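Dear colleague,

Here is the structure we spoke about, with the sequence. My notes follow below it.

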Amino acid sequence: MATISFDLVSPENLVFNDEVGTIIVPGKDGDLGILPGHTKVMSSLRPGRVMVYNEDKSLIKSFFVSGGFAEINPEKCIVLAESVVEVNSLEKTSIEKEIQELENKEGKETEEQLSVAKAKLEAISVNYYDKI
Amino acid sequence: MPSLKDIKTQINSVGSTKKITSAMKMVAASKLRRSQEKAEAARPYSSRLEEMLSSLASSAASGEGIIKLLTGTGNDQNYVVVPVSADRGLCGGFNSSINRETFKLVKSLEGNEKKVQLIPVGKKSRDFFNRVMKDQIIESFVDLNVSSTGYESALNISNKLQELYFDGKFDKCILVFNKFKSAISQEVTQQQLIPLDVSNSEKEEEKENSSNAIYDYEPDEETILKDLLPKNVSIQIFKVLLESDAGEQGARMAAMDNATRNAGEMIDSLTLKYNRTRQAFITKELIEIISGAESI
């Protein structure tokens with residue numbers, strides 16, 4: 001089976017770079033599943049999970065991104081994300097605390113942070129896409 | 001004529017200065033490597049973003065809101081100049097060349113009857129402009145420590161700039177920073193940040209356009225562009241901060257290397273002087289003894 005090359009880039013470093021089988025990215029209008037040979041797409045992303053699978057559809061890694069962009073062509077998929085963390089390294093209690101703190105504050109920026117934090121919480125509590 | 005003891009003290013004090021400068025040189029050298037790695041690591045992101053942007057830029061004819069980051073306000077009366085310097089000194093001409101260049105730029109803009117405001121980044125430029133043009137400073141950012149705080153610090157500056165821009169406080173923003181050329185040379189560079197200067201990537205744009213013509217955009221080109229433009233401002237600032245940080249370490253390394261060498265030379269010449277003086281004393285004492293013995 002064919003593979004597609006996948007780069008996950010944050011401003012600070014190159015987080016992931018390998019040949020993989022399938023990727024699921026959280027597009028702004030809905031999740032995108034990307035297989036080798038995907039048509040050329042440029043999409044902006046919402047906060048959510050980027051899931052990486054190998055050729056036999058088993059999950060390699062899942063990341064949480066706080067938004068960004070994906071550029072997809074038949075051979076390559078590049079995700080530019082502002083902040084990237086592995087979902088496994090997220091802790092529920094600390095996120096809940098963050099949400100509580102943010103809820104007490106106001107302003108446009110806090111609203112954005114709040115939506116990111118909420119998406120984070122969702123990312124660790126859901127398990128669809130774990131098997132595809 | 002200084003006494004032997006005086007020279008000895010002087011040699012010792014130059015010696016300890018030399019120790020300090022050579023230690024600083026080594027610290028700067030290792031920091032330089034780290035800064036360079038950081039700058040290297042940030043490159044894929046910014047170059048990708050630029051590519052995306054240049055392929056999208058053509059689709060934005062004109063518009064309101066965020067698109068103004070690309071198209072400009074239509075005016076060029078009010079400027080904001082952002083000099084990026086280091087927080088600390090002892091790095092040769094690194095800071096002063098930034099300050100000098102910025103000062104020249106501000107004066108020449110004012111000569112053309114533009115209104116100029118300043119947002120200095122880094123203690124050294126803030127202090128300098130606090131002395132010479134205090135009333136033009138609208139905000140300053142110090143103690144950024146970009147190599148440890150990372151992207152966050154760039155975001156702060158970028159948010160502030162965009163806030164001011166959309167409030168109509170300025171029409172153009174120019175960064176003045178040290179571009180990292182090699183470990184021993186930096187080049188003072190001016191870069192127009194807002195509105196985005198796409199002219200330098202125009203060639204790439206043409207090339208990109210031909211291959212990008214068949215991209216599907218999701219949700220649509222304009223929405224992506226609206227997301228992309230503010231991010232681009234932040235990433236440009238981030239890149240500049242990293243370059244400047246690497247440049248600072250390089251400049252400090254070179255300056256401290258020079259200082260160490262100079263201290264070494266100074267010690268050599270002082271040691272020579274010390275030995276000569278010592279010999280002169282011995283000769284003098286010998287003459288005294290001999291002439292004393294002869295006179296008996």
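**Contact between chains A and B**

The contact is made by 21 residues from chain B and 19 residues from chain A. On the chain B side, at least two residues each come from helix 1 (4–57), strand 5 (216–218) and helix 8 (221–295). Helix 1 of chain B gives the largest share of that side, with 7 residues. By residue type, the side of chain B that touches chain A holds 15 nonpolar, 2 polar and 4 charged residues. Please keep in mind that this is a predicted model.

Strand 5 of chain A, residues 41–45, runs parallel to strand 5 of chain B, and 3 bridges join the pair. Within this pairing, Met42(A) lies opposite Tyr217(B), a residue of strand 5 of chain B.

**Chain A**

Chain A has 10 strands and 2 helices. The C-alpha trace of chain A spans about 50 × 25 × 25 Å along its principal axes.

Of the 132 residues in chain A, 35% are buried. Counting contacts in chain A between residues at least 6 apart in sequence, 51% join residues at least 24 apart.

Regards

Definitions and conventions: Residues numbered from 1 in each chain as written. Chains lettered and ligands numbered in written order. Predicted model: local features only at pLDDT ≥ 70, side-chain atom pairs only at ≥ 80, totals over all residues. Helix = DSSP H or I, 4+ residues; strand = E, 2+ residues; numbered from the N terminus. Buried ≥ 20, exposed ≤ 12 C-beta atoms within 10 Å, placed from the backbone. Contact = placed C-beta atoms within 7 Å. Nonpolar A, V, L, I, M, F, W, Y, C, P; charged D, E, K, R; others polar. Pairing = 2+ DSSP bridges.
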